[in-house]
Amino acid sequence: MTPGINAARKARIEHGIHEYDHDPASESYGSEAAEKIGVEPGRVFKTLVVAVDGKELAVGVVPVTAMLSMKRIARAAQGKKAAMADPEAVQRSTGYVMGGVSPLGQKRRLKTFIDASAQTYDTVFVSAGRRGLEIELAPADLAQLVDGQFVPLQQD
């Protein structure tokens with residue numbers, strides 16, 4: 001099991017695990033996940049790590065169908081600017097490789113912001129910590145596990 005799944009189990013959070021054969025040629029991990037596990041793409045969320053004001057890392061969890069607004073995540077993290085974090089810094093701080101970054105069970109807990117649209121679903125899907133593995137859980141449980149906040153994060 002991955003640290004993300006172990007975190008959900010340890011907290012006794014109700015969850016489901018969905019595994020699929022990941023195609024390395026796939027251009028969008030999230031869209032591939034939605035298609036292969038057979039769920040509406042808006043319920044599958046990607047985990048993106050950003051650098052706020054060039055120093056502090058933060059996590060944005062947004063639907064795979066949306067783009068993360070750098071202005072909105074910077075504002076949520078009480079910063080001025082945000083940019084995608086360096087992949088090596090992401091791996092060092094989370095313990096996960098790109099394309100398999102989970103908001104759960106990260107090596108170093110980062111400030112986490114979840115797009116408010118997650119609250120419209122009974123359950124959502126996020127990476128469980130490796131390509132081809134998703135964890136399904138209630139949005140409130142996700143927020144509790146990562147000490148996250150629901151905020152609008154999608155680009156207009």
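Me: What covers the buried residues of helix α2?

Reply: The cover includes the strands β1 (15-19), β6 (124-130) and β7 (133-137), where contact means heavy atoms within 4.5 Å. Helices (H or I, at least four residues) and strands (E, at least two) are DSSP runs, numbered from the N terminus. The model is a predicted one, in which local features need pLDDT of at least 70 and side-chain atom pairs count only at pLDDT 80 or more, while totals for chains, interfaces and linings use all residues. Residues are numbered from 1 along each chain as its sequence is written, and side-chain values use heavy atoms, with hydrogens and water left out.

Me: Why is E32 called buried?

Reply: Buried means under 20% relative accessible area, exposed over 50%, and partly exposed in between (1.4 Å probe, protein chains only). E32 has a relative accessible area of 6%, so E32 counts as buried. In helix α2 (residues 29-37), the buried residues are G30, E32, A33, A34 and I37.

Me: What makes K36 and E32 a salt bridge?

Reply: A salt bridge needs a side-chain nitrogen of Lys or Arg within 4 Å of a carboxyl oxygen of Asp or Glu. The closest N and O atoms of K36 and E32 are 3.2 Å apart, and the pair therefore meets the definition. Both residues lie in helix α2, four residues apart, which is about one turn of the helix. K36, at 41% relative accessibility, counts as partly exposed, whereas E32 is buried.

Me: How do you know that R130 and E19 form a salt bridge?

Reply: Their closest N and O atoms are 2.4 Å apart, so the distance falls within the cut-off. This pair links distant parts of the chain, since R130 is in strand β6 and E19 is in strand β1, 111 residues apart. E19 is exposed, with a relative accessible area of 57%, while R130 is partly exposed at 37%.

Me: Why does the salt bridge of K111 and E56 tie together separate parts of the sequence?

Reply: The side chains of K111 and E56 meet at 3.5 Å, N to O. K111 lies in strand β5 and E56 in strand β3 (residues 56-63), so the pair ties together parts that are 55 residues apart in sequence.

Me: What makes β4 an edge strand?

Reply: Two strands pair if DSSP finds at least two bridges between them. The open sheet has five strands in the order β4-β2-β3-β5-β8, with mixed pairing, and the edge strands β4 (82-84) and β8 (149-151) each pair on one side only. Three bridges join β2 (residues 45-52) to β4, and these two strands run antiparallel.
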